[in-house]
Amino acid sequence: MDITSLKIRDMRTMLDKKEISAKELTDAYLARINDIDGKLESYITVTADVAHAAAEKAQKVIDSGEASALTGIPLAVKDNICTDGIKTTCASKMLEDFVPPYNATVMEKLNAQDIVMLGKTSMDEFAMGGSTQTSAFKKTKNPYDLGRVPGGSSGGSAAAVGASLCAAALGSDTGGSIRQPSSFCGVTGLKPTYGRVSRYGLVAFASSLDQIGSIAKDAHDCAVILNAVSGYDYHDGTSAKKDVPDFTAKIGQSISGMKIAVPKEFYAEGIDTDVREAVMKAAKWYESQGAVLVDCSMPSLKYAVAAYYLIASAEASSNLSRYDGIKYGHRSEKGDSYNDLICNSRSEGFGDEVKRRILLGNYALSSGYYDAYYGKAMALKQRIREEYDSIFNNCDIILTPTAPTVAYGVNENISDPAKMYQADICTVTVNIASLPAISTPCGYDKKGMPIGMSIIGKHWDEATIIQAADAYEKQFERVPAVI
Amino acid sequence: MDLEMVRYLSKLGKLNFTDDELKKAADDMTSIIEIMDTIKEIDIVYEPIKDNHNVYLSGLRKDEPMDSFPTEKILKNAVNSENCFVVPKVVE
């Protein structure tokens, strides 16, 4: 048996029964990373020494009989989540040597359960992209086909889970960055409700949209991680002062009678036939189990990509103004004046896509354009939220494709930013409306590439989307990546 | 988008571009703005009072003194430091 292919809860059982040690589990993953990651390039930094020390500590906790759900479980962390004393690069030359002086709150919570962190995973630079090809360091490949992208921006995390180079991983999702790579890599990815998980220590991209979540082998494992990282945080004023339920509580309950909305615009032109058919087939399966499919509409979807990019880029252009090369980050060797030093540092440190977003954000916010772009985008945000509210008045969950296509070739689309942006059509409205959503595999195209479907829930109702995803996963035969 | 506008936006963002980079950025921005312009066809107005009605805000923290990070640890990430952040001379 290959222990790296196990689910988290199976590892938990084996660890607690002493059928395997935390060190053996950690070594199995590190050996696999050593064998495979040269081809896959999912990790920017592998933290073998930290992992070994954590495994030793975890074993003591297990031996004392006080293990938590994640004690001794080897996890990977997206490289935009701050880790005390361990490089956090955001896959940017700007932060190539940045060593955070503190842990993100999610890391404090995971460390409190004595997880084993295997390393930091690659991503699109500053989480801006959907291919992981804008990474300054590791342009991650898809575990199902090394000639294709893993999606993004959490492409390293999704590929690492898909190739069993970690038990599960943390990602972040601003416009689909957990769900779309999970779809491309044939794994499950959960974007929680905005405010469910603290953003303290997550390098800011678009603060009103960013949310940390989990990528794992299935919905149940995603829920186990969400249980660990959720909750109010003193350091994040947008984290919710709400009780954290057990997100696994509804797993196994019947989905009969569940009302599933199918908004027609998500299945229209622009969605590949294979993708549409696979998601519709899943809808029919739910119906066969007693769920009720509800036809509905989201008329504003056609404006969603524009609204998202205007809002996200406006926030990014402000958030990224902190990178001046002086306090931390890349510092140019050129520049005799304060202004020249900052301009040179930023021009050398940021990649092309990040620069484009800064330009777009400045455009949307600049005098004379603000009302036409940023103001209109904010109005659309309200309209999209209202349309979601209206759909949820009459249903429990919404089912959509996660992406219009399966993973594409590593050299496709990359030189056409406008085309890349439009590919986010299926995911961005969830962030705009602050909703939770989970992507899980529902089929494979003719070439064997995974297709993902997204289940969107009501605010704070992650438990129901986990229940629905788990029900489908239990009968769906997954084809593992062979690498 | 014309070169003058890109030059203006890059100045706002404190970014330098070579002439070739500027032209490429202008081309990219033109196709990106085409997508953004789709929102011009809908007549809709932002209403601040309706905003964030379903986002949970936990309110502001109390204004209390707390320990801050040790100076030494913070300065480790500054390339050029002499127990303080060093910048080019700004006052003659």
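Predicted model: local features only at pLDDT ≥ 70, side-chain atom pairs only at ≥ 80, totals over all residues.

Biologist: What makes α1 and α2 of chain B "roughly perpendicular" to each other?

Modeller: Helix α1(B), residues 3-12, packs against helix α2(B), residues 19-36, at an angle of about 100 degrees, with the axes 9 Å apart. Angles of 65 to 115 degrees count as roughly perpendicular, and the two helices are therefore given that description.

Biologist: Which residues of α1(B) and α2(B) meet, and of what class are they?

Modeller: From α1(B) come B:Leu3, B:Val6 and B:Arg7, which meet B:Leu22, B:Lys23, B:Ala25, B:Ala26 and B:Met29 of α2(B). By class, this contact has six nonpolar, no polar and two charged residues.

Biologist: Why is B:Lys14 called partly exposed?

Modeller: B:Lys14 has 19 C-beta neighbours inside 10 Å. A buried residue needs 20 or more and an exposed one has 12 or fewer, so B:Lys14 counts as partly exposed. B:Lys14 lies in the loop between α1 and α2 of chain B.

Biologist: What elements does chain B have, and how much of the chain counts as buried?

Modeller: Chain B has three helices and zero strands, and its elements run α-α-α from the N terminus on. Of its 92 residues, 12% count as buried.

Biologist: How many residues of chain B are in contact with chain A, and which element gives the largest share?

Modeller: The contact involves 46 residues of chain B and 60 residues of chain A. On the side of chain B that touches chain A, α1, α2 and α3 (71-75) each give two or more residues. The largest share, eight residues, comes from α2(B). By class, that side of chain B divides into 26 nonpolar, 10 polar and 10 charged residues.

Biologist: Turning to chain A, what makes β1 and β8 edge strands?

Modeller: The open sheet of chain A has 11 strands in the order β1-β3-β2-β4-β6-β5-β10-β11-β9-β7-β8, with mixed pairing. Strands β1(A) (43-46) and β8(A) each pair on one side only. From one strand to the next, the twist averages 30 degrees.

Biologist: How do you know that β10(A) and β11(A) pair, and in which sense?

Modeller: Strands pair if at least two bridges are found between them. Strand β10(A), residues 437-444, and strand β11(A), residues 450-456, have seven bridges and run in the antiparallel sense. A:Tyr444 stands opposite A:Pro450 in β11(A).

Biologist: Which strands does helix α5 of chain A touch as it packs on the sheet?

Modeller: Helix α5(A), residues 155-162, touches β1, β2, β3, β4 (168-172), β5 (188-191) and β6 (212-216) of chain A. The direction of α5(A) makes about 160 degrees with that of β4(A).

Biologist: How are β7(A) and β8(A) joined, and what is the hand of the crossover between them?

Modeller: Five bridges join β7(A), residues 259-263, to β8(A), residues 292-296, and the two strands run parallel. The chain crosses from β7(A) through helix α8(A), residues 273-288, to β8(A), and this β-α-β crossover is right-handed. A:Pro263 has A:Cys296 in β8(A) as its bridge partner.

Biologist: Why does A:Gly175 count as buried?

Modeller: There are 29 C-beta neighbours inside 10 Å of A:Gly175. The threshold is 20 or more, so A:Gly175 counts as buried.

Biologist: Why is A:Ala91 called buried, and what is its phi?

Modeller: A:Ala91 has 34 other C-beta atoms within 10 Å and is therefore buried. Its loop runs between β2 and α4 (105-112) of chain A. Phi at A:Ala91 is positive, about 55 degrees, although A:Ala91 is not a glycine.

Biologist: Where is a cis peptide bond found, and what is its omega?

Modeller: The cis bond joins A:Gly152 and A:Ser153, with omega about 10 degrees. A:Ser153 lies in the loop between β3 and α5 of chain A. Most peptide bonds are trans.

Notes. Residues numbered from 1 in each chain as written. Chains lettered and ligands numbered in written order. Axes fitted to C-alpha atoms, helices over the stretch in contact; angles between N-to-C directions. Helix = DSSP H or I, 4+ residues; strand = E, 2+ residues; numbered from the N terminus. Parallel < 35°, antiparallel > 145°, perpendicular 65-115°, else oblique. Contact = placed C-beta atoms within 7 Å. Nonpolar A, V, L, I, M, F, W, Y, C, P; charged D, E, K, R; others polar. Right-handed = clockwise from strand over helix to strand, strands pointing away.
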